[in-house]
Amino acid sequence: MTSDRRTEIVEAAYHHVAGAGLAGASLRPLAEAVGSSTGVLRFLFGSKDGLVAAVLARARADELQFLAAIPHDADLVGVARATWTWLADPQHRNVLRLWTESYAASLQDDAGPWAGFAATTVRDWLAVLAQAQPAAERNTARGRAERTAVLALLRGAMLDLIATGDRARTTRAIEAVLGTF
């Protein structure tokens with residue numbers, strides 16, 4: 001079935017590019033990596049951009065699954081700590097590198113498969129952080145500023161962690177700042 005094969009290829013491509021990177025990948029090596037041919041990839045996805053868009057949608061599905069698993073009764077600091085625990089888990093390093101690469105590509109060229117990736121990600125995370133705030137605070141300027149600050153802290157520490165691998169130092173930084181909320 002075409003849809004089953006498409007799903008199988010997206011899954012294989014997702015795991016491949018999480019380790020190998022996405023921006024420099026071309027269709028032929030991707031086809032080899034996923035056990036297919038370039039003709040099948042073109043048939044199923046139209047182009048490399050179509051496959052990249054499907055892989056990014058798959059990455060977003062993982063992100064949304066994690067966001068849905070955050071306890072709904074957690075406060076802003078609790079959500080930030082749970083998020084940092086997930087981000088700092090070495091098992092997620094490849095996915096975070098893929099996310100970072102895609103985020104950066106979206107900032108450079110908000111067309112093609114990366115269109116809106118960065119902005120959508122920011123909106124997703126801010127919505128989760130908003131739900132962790134008391135209703136009376138959520139729609140205030142201070143509430144918006146606090147969740148923006150938490151998002152910036154998590155994103156910055158994640159980039160630092162990906163660059164250095166220094167989990168202990170970045171975790172201490174997260175805890176130091178979250179202790180001020």
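Contact here means heavy atoms within 4.5 Å. The model is predicted.

**Exercise 1.** Determine how helices α4 and α7 are oriented to each other, and which residues join them.

Solution.
1. Helix α4 covers residues 48–69 and helix α7 covers residues 117–131.
2. Their axes lie 11 Å apart and form an angle of about 10°.
3. Angles under 35 degrees count as roughly parallel, and α4 and α7 are therefore roughly parallel to each other.
4. From α4, the residues in contact are Leu56, Arg60, Glu63, Leu64, Phe66 and Leu67. They meet Phe117, Thr120, Thr121, Asp124, Trp125 and Val128 of α7.
5. Sorted by class, this contact has 7 nonpolar, 2 polar and 3 charged residues.

**Exercise 2.** Describe the packing of helix α6 against helix α9, including the handedness of the crossing.

Solution.
1. Helix α6 (residues 93–108) packs on helix α9 (residues 141–164) at an angle of about 115°, and the axes are 11 Å apart.
2. The two helices cross in a left-handed sense.
3. On the α6 side, the contact is made by Arg93, Leu96, Arg97, Trp99, Thr100 and Tyr103; α9 supplies Arg155, Met158, Leu159, Leu161 and Ile162.
4. By class, there are 7 nonpolar, 1 polar and 3 charged residues in this contact.

**Exercise 3.** Find how the buried residues of helix α2 are placed around its axis.

Solution.
1. In α2 (residues 27–34), Leu27, Leu30, Ala31 and Val34 are buried.
2. Viewed down the axis of α2, these buried residues fall within an arc of 100°, so they line one face of the helix.
3. Arg28 and Glu32 are exposed on the other side of α2.
4. Just after α2, glycine 35 has a positive phi of about 70°.

Key:
Residues are numbered from 1 along each chain as its sequence is written. This is a predicted model: local features need pLDDT of at least 70, side-chain atom pairs count only at pLDDT 80 or more; totals for chains, interfaces and linings use all residues. Side-chain values use heavy atoms; hydrogens and water are left out. Axes are lines fitted to C-alpha atoms, for helices over the stretch in contact, and angles run from 0 to 180 degrees between N-to-C directions. Helices (H or I, at least four residues) and strands (E, at least two) are DSSP runs, numbered from the N terminus. A crossing is left-handed if the near helix is turned anticlockwise from the far one by less than a right angle, and right-handed if clockwise. Ala, Val, Leu, Ile, Met, Phe, Trp, Tyr, Cys and Pro count as nonpolar, Asp, Glu, Lys and Arg as charged, and the others, Gly among them, as polar. Buried means under 20% relative accessible area, exposed over 50%, partly exposed in between (1.4 Å probe, protein chains only). The arc is that of the directions from the helix axis to the C-beta atoms. Angles under 35 degrees count as roughly parallel, over 145 as roughly antiparallel, 65 to 115 as roughly perpendicular and the rest as oblique.
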